Amino acid sequence: MAPNATWAIESPATNHSAGFQIEDTMSSKTALDNSELKGNGLTRIVGNSDALGRVLDMVRIVAPTDATVLIKGETGTGKELIAEAIHKCSNRSNGPFVKVNCAAIPAGLLESELFGHERGAYTGAVARTVGRFERANRGTLFLDEIGDLPLELQPKILRVVQERQFERLGGAATIHSDVRVICATHRNLAEMIEDREFRADLFYRLSVFPIELPPLRERPGDIRLLVQHFATDYAARTRKSITGISEEFMRALSRHTWPGNVRELQNFIERSVILSKGPVLNGSLSGLTYTARASAPVTLEDAERSHILRMLQQTDGVVGGPSGAAARLGLRRTTLISKIRRLGINGSRSLASPVRAMA
């Protein structure tokens with residue numbers, strides 16, 4: 001994702017003729033540009049769908065407060081943009097906006113990254129280091145991919161969110177920090193709690209104000225605006241004189257399901273602009289055709305149920321043991337049993353043999 005990419009604005013009405021001119025999106029009316037949500041350098045959000053509008057309404061409501069926010073949504077839906085919008089529309093907008101990707105930092109280093117460490121706290125700690133919570137004082141800390149937070153660190157996160165105090169690694173002094181926490185995840189935290197991979201008390205503390213971001217397939221009306229925006233942006237970056245977009249190309253983009261959401265669309269438009277040779281953008285649709293066939297209209301839950309059923313049929317309903325379904329699926333026996341109950345497989349007519357816990 002480009003560092004300054006924006007995934008959401010309300011652009012002018014699009015001309016749906018065979019090829020339409022790309023409007024100047026920077027001068028268009030922005031969905032967040034009103035008295036409630038003004039701020040210096042406010043991230044622009046592209047789109048005018050009802051689904052996106054409901055999200056922005058939630059941003060308007062929660063931004064002026066200090067409530068902890070949990071942003072949920074599929075990968076590529078723009079969770080970081082919404083977190084940044086909440087920060088910039090809040091009373092903390094003049095403070096720092098510090099980001100941490102919990103999945104990108106090794107578990108052994110994450111505690112030091114979050115809370116800092118004193119000199120000599122561990123081998124290689126040659127100087128005191130200030131952690132992210134301390135850097136975000138009087139601002140906002142964005143914990144991305146909170147579902148990947150190691151279980152042993154979760155009580156410490158719970159404490160600092162509730163009490164706003166912590167100690168550096170290897171230190172004894174208690175540090176007080178005035179931080180607003182915004183989290184994001186694409187994972188099902190409720191299911192992780194059931195599998196004992198995420199603490200219930202931390203989940204309830206983080207989800208004071210949950211916001212669910214819609215996938216791009218649920219806001220198809222925004223695809224034209226996003227394509228227009230990204231085409232304008234990348235044409236300027238690559239210094240190409242692209243003045244229009246083929247309607248056939250646009251219709252193909254609108255029909256695609258975009259399993260990678262806005263990030264996938266953005267990357268595809270960037271590639272199309274780079275490959276373009278004329279003033280009208282008309283990229284190759286072969287990649288989209290293949291992906292569209294691979295993305296059958298089946299929910300993740302249906303696919304998971306089907307796969308588990310097939311494995312249970314192969315093992316005659318045996319879940320545990322070295323040759324059981326759990327071992328073949330690479331899951332713990334208790335985790336698979338939990339999924340079987342959640343998916344309603346026990347009473348399924350498609351399973352010839354009854355589910356048995358042990359071989």
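Two strands are taken to pair if DSSP finds at least two bridges between them, and strands (E, at least two residues) and helices (H or I, at least four) are themselves DSSP runs, numbered from the N terminus. The structure discussed here is a predicted model, in which local features need pLDDT of at least 70 and side-chain atom pairs count only at pLDDT 80 or more, whereas totals for chains, interfaces and linings use all residues. Residues are numbered from 1 along each chain as its sequence is written, and side-chain values use heavy atoms, with hydrogens and water left out.

Strand E2 (residues 69-72) runs parallel to E9 and is joined to it by four bridges; within E9, Ala184 stands opposite Ile71. Strand E6 (residues 139-144) also pairs with E9 in the parallel sense, over five bridges, and Val179 of E9 is the bridge partner of Gly139.

Burial here follows relative accessible area: buried means under 20%, exposed over 50%, and partly exposed in between (1.4 Å probe, protein chains only). Seven of the seven residues of E9 are buried, so the strand is largely enclosed by the rest of the structure. Val179, Val181, Cys183 and Thr185 point one way from E9, while Arg180, Ile182 and Ala184 point the other way.

The charged side chains provide a second view of the model. A salt bridge is defined as a side-chain nitrogen of Lys or Arg within 4 Å of a carboxyl oxygen of Asp or Glu, and a search of the whole structure finds 23 of them. One joins Glu84 and Lys88, with an N to O distance of 3.1 Å. These two residues are four apart in helix H2 (residues 79-88), and are therefore separated by about one helical turn. Glu84 is buried, at a relative accessible area of 19%, and Lys88 is buried as well, at 18%.

Another salt bridge links Arg168 to Glu118, whose closest N and O atoms are 2.9 Å apart. Because Arg168 lies in the loop between strands E7 (165-167) and E8 (174-176), and Glu118 in the loop between strands E4 (116-117) and E5 (129-130), the pair ties together parts that are 50 residues apart in sequence. Both Arg168 and Glu118 are buried.

In the salt bridge between Arg159 and Glu167, the closest N and O atoms are 2.7 Å apart. Arg159 is partly exposed, with a relative accessible area of 26%, and Glu167 is partly exposed at 27%. Finally, a network of salt bridges links Asp66, Arg92, Arg164 and Asp178.
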